[in-house]
Amino acid sequence: MLSDTAYHLILSILQAFMWDGVLIGEENLKDGAGVIVSNHMGAIGPVGLCIALPMRLYPWVDGATVDKVKGPENVRQDFVEKVLHIGPPLSETISQTICMLSTPLLLSVGCIPVPEDRSEQEAMFQTSISLLKQGKYLLVAPENPKAEPNPLTGITRFKRGFLRLGELYYQQTGDCLPFYPVMIQESGVVRVSRAVFYNTHNDAHQERLRMATLLEETIKRMYIEATEEQAAESFLFKHRLS
């Protein structure tokens with residue numbers, strides 16, 4: 001795994017070519033372990049978050065993303081054809097080339113693959129808890145890709161399985177794990193809200209539902225507020241020009 005220095009060096013290079021955004025609410029981030037929970041915003045979203053946020057992040061990634069067979073197909077569909085607008089057969093060649101570079105890079109910067117099979121996820125959770133116990137930050141984008149997007153934000157319903165981190169962290173440390181709602185927008189705005197803490201005194205099923213709903217609604221609200229602010233600024237700018 002890359003050192004923190006190498007990690008931030010790579011991100012500074014990516015920032016020069018891929019991301020020019022603004023971070024709002026950095027003061028809400030506290031020292032110690034935490035989980036950044038955000039909307040996904042396609043292939044560029046997690047990269048933008050790693051660039052924008054000041055600490056090193058250890059992102060959860062779909063296990064298929066770093067799979068030798070499934071990875072190129074995902075990159076072709078979600079990035080080469082959707083974002084770069086390059087069609088087959090060239091898109092297939094480009095996606096294969098990208099994965100030859102991206103897969104070892106993702107693993108070296110600390111990305112944690114999420115297996116499709118739940119029976120294989122125990123090792124992923126233990127790796128995540130080990131990092132949290134070292135005071136590290138995880139990044140999770142729990143949108144359900146099969147769900148219907150919200151018409152105002154494009155954000156889909158959140159999955160709840162990641163919130164097991166709160167239970168495991170308390171079992172091993174006796175502390176409540178903070179989850180930070182973070183919104184990223186195509187305009188380059190990244191906004192951080194205050195942490196939400198997992199309450200281990202509640203029923204586990206109900207607590208996961210409460211947390212997922214609260215995190216999802218907070219991120220959607222921040223997205224709508226950012227959109228309204230940008231619209232107001234654009235109106236005032238045009239008004240001044242006229």
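Predicted model: local features only at pLDDT ≥ 70, side-chain atom pairs only at ≥ 80, totals over all residues.

Biologist: What makes the peptide bond between Pro-88 and Pro-89 stand out?

Modeller: That bond is cis, with omega at about 5 degrees. Pro-89 belongs to the loop between α3 (70-80) and α4 (90-108). His-85 is also found in the loop between α3 and α4, and His-85 has a positive phi of about 60 degrees although it is not a glycine.

Biologist: Why does His-85 count as exposed?

Modeller: Exposed takes over 50%; the relative accessibility of His-85 is 65%, so exposed is the word.

Biologist: What about Met-41, buried or exposed?

Modeller: Buried: the relative accessible area of Met-41 is 14%, and the cut-off is under 20%, so Met-41 qualifies. Met-41 has a positive phi as well, about 55 degrees, and is not a glycine either. Look for Met-41 in the loop between β2 and α2.

Biologist: How do you know that α2 is mostly covered?

Modeller: Six of the eight residues in α2 (45-52) are buried. Those are Gly-45, Gly-48, Leu-49, Cys-50, Ile-51 and Ala-52. Two of them, Cys-50 and Ile-51, along with Val-47, meet Tyr-7, Leu-11, Leu-14, Gln-15 and Met-18 of α1.

Biologist: How do the axes of α1 and α2 lie?

Modeller: The axes of α1 (residues 4-18) and α2 come within 9 Å and cross at roughly 120 degrees. The crossing is left-handed.

Biologist: On to the rings. How many aromatic pairs are there?

Modeller: Three, counting rings whose centres lie within 6.5 Å.

Biologist: Why is the pair of Trp-60 and Phe-125 called edge-to-face?

Modeller: The ring centres of Trp-60 and Phe-125 are 5.6 Å apart, which is within 6.5 Å, so they pair. Their planes are at 85 degrees, and over 60 counts as edge-to-face, so that's the class. This pair links distant parts of the chain, with Trp-60 in strand β3 (57-62) and Phe-125 in helix α5 (122-133), 65 residues apart.

Biologist: Then why is the pair of Tyr-137 and Tyr-180 called tilted?

Modeller: The centres are 5.7 Å apart and the planes are at 35 degrees. Stacked needs under 30 and edge-to-face over 60, so the pair is tilted. Tyr-137 sits in strand β5 (137-140) and Tyr-180 in strand β6 (178-184), 43 residues apart. Both tyrosines are buried.

Biologist: What makes Arg-164 lie over the face of Phe-125?

Modeller: Arg-164 is 4.9 Å from the ring centre, and the rule asks for CZ of Arg within 6 Å of that centre and within 35 degrees of the ring normal.

Biologist: Which residues touch the most other members in the largest nonpolar core?

Modeller: That core has 34 residues, and Val-35, Trp-60, Leu-132, Leu-138, Leu-165, Phe-179 and Leu-215 touch the most other members. Helix α7 (204-241) gives the most to this core, with seven residues. Leu-165 has contacts that include Val-35, Trp-60, Phe-125 and Leu-132. There is also a second, separate core of 23 residues, including Tyr-7 and Ile-184.

Biologist: Last one: why is Glu-148 called exposed?

Modeller: The relative accessible area of Glu-148 is 69%, and the cut-off is over 50%, so Glu-148 is exposed. Glu-148 is in the loop between β5 and α6. Beyond residues up to four places away in sequence, Glu-148 touches Ile-155 and Thr-156.

How values were computed:
Residues numbered from 1 in each chain as written. Heavy atoms only, no water. Buried < 20%, exposed > 50% of the residue type's maximum accessible area, 1.4 Å probe, protein only. Helix = DSSP H or I, 4+ residues; strand = E, 2+ residues; numbered from the N terminus. Phe/Tyr/Trp six-rings, centres within 6.5 Å; stacked < 30°, edge-to-face > 60°. Core = buried A, V, L, I, M, F, W, Y, C linked by side-chain atoms within 4.5 Å. Contact = heavy atoms within 4.5 Å. Axes fitted to C-alpha atoms, helices over the stretch in contact; angles between N-to-C directions. Left-handed = near helix turned anticlockwise from the far one by under 90°.
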